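Thanks for making the time, everyone.

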Amino acid sequence: MEVSTNRAATFLDKGGTGKTTSAAHLGVALAEAGDDVLLIDLAGKQGDLAKHFGVWSEVQEDIENDDDWPNISTVFAEEWDQIASKLGDAAVDSLIVETDEGVDLIPAHPGLDSLDADLGNIDDARERYSRLERFLDEYIDGRYDTVLIDLPGLTNNVTYNGLWATRNVVAPVEMGPFESEQATALERDLAKIDDQFGVDVDLAMILPNKVDTRTKLANEYLEGFGEEYEGAIAPEHVPASQDIRNAADEGRTVFALEEPSTTAERAREAFLDSASVLQRRLGERQ
């Protein structure tokens, strides 16, 4: 697959590992480095990425006023090409919300609730899993330097669309045995996709997240992840920081904090360094 836009998806088959937070912060970090960045929220109808950037209220208002069509679930529909042909550039432009932190966003929508089942009704597997790839190829490629997609914390038809479309995974992991097992399972799943469909999905980055290096156990797992995933490990771990949670509750990332704590400063640097390495790795995969 030859594209001019770098693509990656944040994914691990487990909730609560920081996928949305990582997508938001890596996106802003890439924007700080000069990239035009588009984030796409496929993680569920709750709209966590939109909340992260303080734009959820306007998204909700459009939904309540029935001014929410087309939306992210629409691009998976068989009729999308006809819709795009009829509406022209407005079809894609209406999907995109600008944020105050230099990234654009296609927010989640309640239509995502039924999307997994809708895709499951498509008999041909290649057709079922390639809907998002076709949308990015034809309508997004070239508009942005980087597209980051936040996927659900479970493996389903939506997830497979995201993996198929991006061919690159960023897996945020906490320091624990279950996350280690899930990272191993992720590698097996990616190999299975390649075996079954000839679609090579790369584990572009393992991003240790919410790391408290004051504990011996966290340090042991951090060292273990570094050894196990030497070619994919992020250059810096993201420290545990209350500022990250507080900023998200306020509808912003730590990059927008005027007086960040020491851990927030370290988180900023970790995301900036990781974004730079991710940018290089994705470029090498083009």
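The residues I would like you to find are Tyr129, Tyr160, Trp164 and Phe197, which are linked into a cluster by ring pairs, and please keep in mind that what we are looking at is a predicted model.

A pair of aromatic rings is described by the distance of the centres and the angle of the planes. How many aromatic pairs does the count come to? It comes to 8 aromatic pairs, and one of these joins tyrosine 129 and tryptophan 164, in a tilted arrangement with 6.0 Å from centre to centre and 40° between the planes. That pair links distant parts of the chain, since tyrosine 129 is in helix H7, residues 125-129, while tryptophan 164 is in helix H9, residues 157-166, and the two are 35 residues apart. Tyrosine 129 and tryptophan 164 are both buried.

Now turn to tyrosine 129 and phenylalanine 197, whose ring centres are 5.8 Å apart with the planes at 80°, so this pair is edge-to-face. Because tyrosine 129 lies in helix H7 and phenylalanine 197 in helix H10, residues 177-197, the pair ties together parts that are 68 residues apart in sequence. Are these two residues buried or exposed? Both tyrosine 129 and phenylalanine 197 are buried.

Staying with tyrosine 129, you will also find arginine 128 lying over the face of its ring, at 5.1 Å from the ring centre.

How values were computed: Residues numbered from 1 in each chain as written. Predicted model: local features only at pLDDT ≥ 70, side-chain atom pairs only at ≥ 80, totals over all residues. Heavy atoms only, no water. Phe/Tyr/Trp six-rings, centres within 6.5 Å; stacked < 30°, edge-to-face > 60°. Helix = DSSP H or I, 4+ residues; strand = E, 2+ residues; numbered from the N terminus. Buried < 20%, exposed > 50% of the residue type's maximum accessible area, 1.4 Å probe, protein only. Lys NZ or Arg CZ within 6 Å of the ring centre and 35° of its normal.
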